[in-house]
Amino acid sequence: MIVVLNFGSQFAHLIARRVRDLGVKAEIFPFDTPASVDEKNAPHPDKNIFELGIPILGICYGLQLMGEMLEGAVERGEHREYGKETLRILKKDALLKGLGAKEIVWFSHGDQVTQLPKDFVKTASTHGCSHAAFADAKRKMYGIQFHPEVTHTVHGTKILSNFLFGICKAKKDWNISSVAKGIIEKMQETVGNEQVVIGISGGVDSLVAATLLYKAIGERLHAVFVDTGLLRKDEVEGVSKALRARGFKNLHVVDASADFLGKLKGVSDPEEKRKIIGHTFIEVFERALEKELAAHPVTFLAQGTIYPDRIESAATSKDAAKIKSHHNLTLPETMKLKVLEPVADLYKDEVRKIGKTLNIPHEMLWRHPFPGPGLAIRIVGEITPERLSILREADSIFTEELKKAKEYEKIWQAFAVLLPIKSVGVMGDARTYEYMLALRAVDSVDGMTADWHKMPPVLLEKISSAIVGKVRGINRVLYDITQKPPATIEYE
Ligand code: XMP
């Protein structure tokens, strides 16, 4: 197994992902968030780690730690390197084997190793970074200042593969069926003879989590699907039908839309909305447990949390920026239930692959991700029944058109957003004064970063005409071309 030591950067997850993609089990050990190795309280691993005799690859901050802890020197870089750089390879050692003399790599750092650690040799450099890679082949220790895990590093996978198979002699022990089997066994062990409740959101993650749990503990799994009134068109019926078709008997659909919409009335602050939804969700859930599940003493709460949810919600250290409060993670706090997260270590594409091995229909698996707070975070400002119904209708037309044009599955996530600004239009002979609708479609691997989808203009036009023609209340359609970062995928 490959252990990825995480010193607080999101890249750790990408590295683990790439290693898994190469078929080797990888796990992450978390630390706190650093900025620079010479900063006070910068996290350091146990020095003995370098005495273990195991192969080590230090990436970025990891290379700097090696520089600092193995008798080299690190200095604050004057020359900051962010983005693509040309790497000149000086020595094609076991790590850099098979690469060209020059390679495009991606940097994200400010500090530099200015003096090689003892017994190491320099293997590559760039214009601004002399020690871009170094190695002590005898001790199988390697350091690279750039990121092999990001796709911008053209032959990054080759480097990781050299490390895994050439240097570590790793076995290919990570494949999706063994992962699914492992999850089912672990769930059986953890749950024992107890009862579990899971919240179904309509999304892929909770559906796969529920299916895995159903395989593990059968009728001791109870699913609660809360209709928040913020779901997509026909979602409640569609998802319920799919679950029942899979043999699920213990499915409780709770219509709480009046509750949610009542509490959201007059609220336009995004975080406030998320909090209200989170709290209301807990209340509704608790009520469902008391009433509908009274006969079953439930002790576990299962959630469809996946890796990216955890990273972005991780406000674990004082320095880590909290991006958004993901309501699905605030659930257990006030509940006396033990939390179960069957797919918490997986990325979306892995969840989908597992779903496929469980024979979940293709269409269900390839639905775009849908956030817990639902359409509430896709209506900028106050949520009203009128705005909801406009958005629901427009969103459904958008999705339909994408599917018809066979564009839907090329996109990570596509949805409509209601902007509460009215502008003037003309329809027939009449002047209109109606809302604007933003269309958001993004390409992404895991939701952590995203690029706007380069939608064919003809299709955009078709979608725009269909929406303005069919949905009363919208007279203008905009297409969002912002990347994440700096924007987020959702609007609130
Ligand atoms: P953002 O908007 O943060 O979204 O760029 C990244 C991904 O996460 C989804 N998302 C959520 N999912 N509960 C969820 O279950 C939430 O509160 C939530 N907020 C954002 C979003 O749809 C995108 O896929």
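These are my notes on a few spots I looked up in this structure, which is a predicted model.

**Entry 1**

I then looked up where Val3 sits: it belongs to strand E1, which covers residues 2-6. I also checked its cover. Val3 has 40% relative accessibility, so I put it down as partly exposed.

**Entry 2: Arg440**

Next I went to strand E15, residues 430-443, where Arg440 is found. Is Arg440 buried or exposed? Its relative accessibility is 0%, so I noted it as buried.

What is Arg440 in contact with, leaving aside neighbours within four places in sequence? I got a list that runs Phe398, Gln413, Ala414, Phe415, Asp480, Thr482, Ala487, Thr488, Ile489 and Tyr491. I followed up on Thr482: the Arg440 side chain reaches the backbone oxygen of Thr482 at 2.7 Å. I also checked Arg440 against Arg18, and these two are 422 residues apart in sequence and 28 Å apart in space, going C-alpha to C-alpha.

**Entry 3: cysteines**

How many disulfides are there? With a cut-off of 2.5 Å between cysteine sulfur atoms, I count zero disulfides. For Cys60, the nearest cysteine sulfur is that of Cys129, 9.5 Å away, and Cys60 is in no disulfide. Cys60 has a relative accessible area of 9%, so I marked it buried. Cys168 is in no disulfide either; its nearest cysteine sulfur, at 19 Å, is that of Cys60. I marked Cys168 as partly exposed because its relative accessibility is 23%.

Terms used: Residues are numbered from 1 along each chain as its sequence is written. This is a predicted model: local features need pLDDT of at least 70, side-chain atom pairs count only at pLDDT 80 or more; totals for chains, interfaces and linings use all residues. Side-chain values use heavy atoms; hydrogens and water are left out. Helices (H or I, at least four residues) and strands (E, at least two) are DSSP runs, numbered from the N terminus. Buried means under 20% relative accessible area, exposed over 50%, partly exposed in between (1.4 Å probe, protein chains only). Contact means heavy atoms within 4.5 Å. A polar contact is a pair of N or O atoms within 3.5 Å; within protein, one must be able to donate a hydrogen and the other to accept it, and residues adjacent in sequence count only if both atoms are side-chain atoms.
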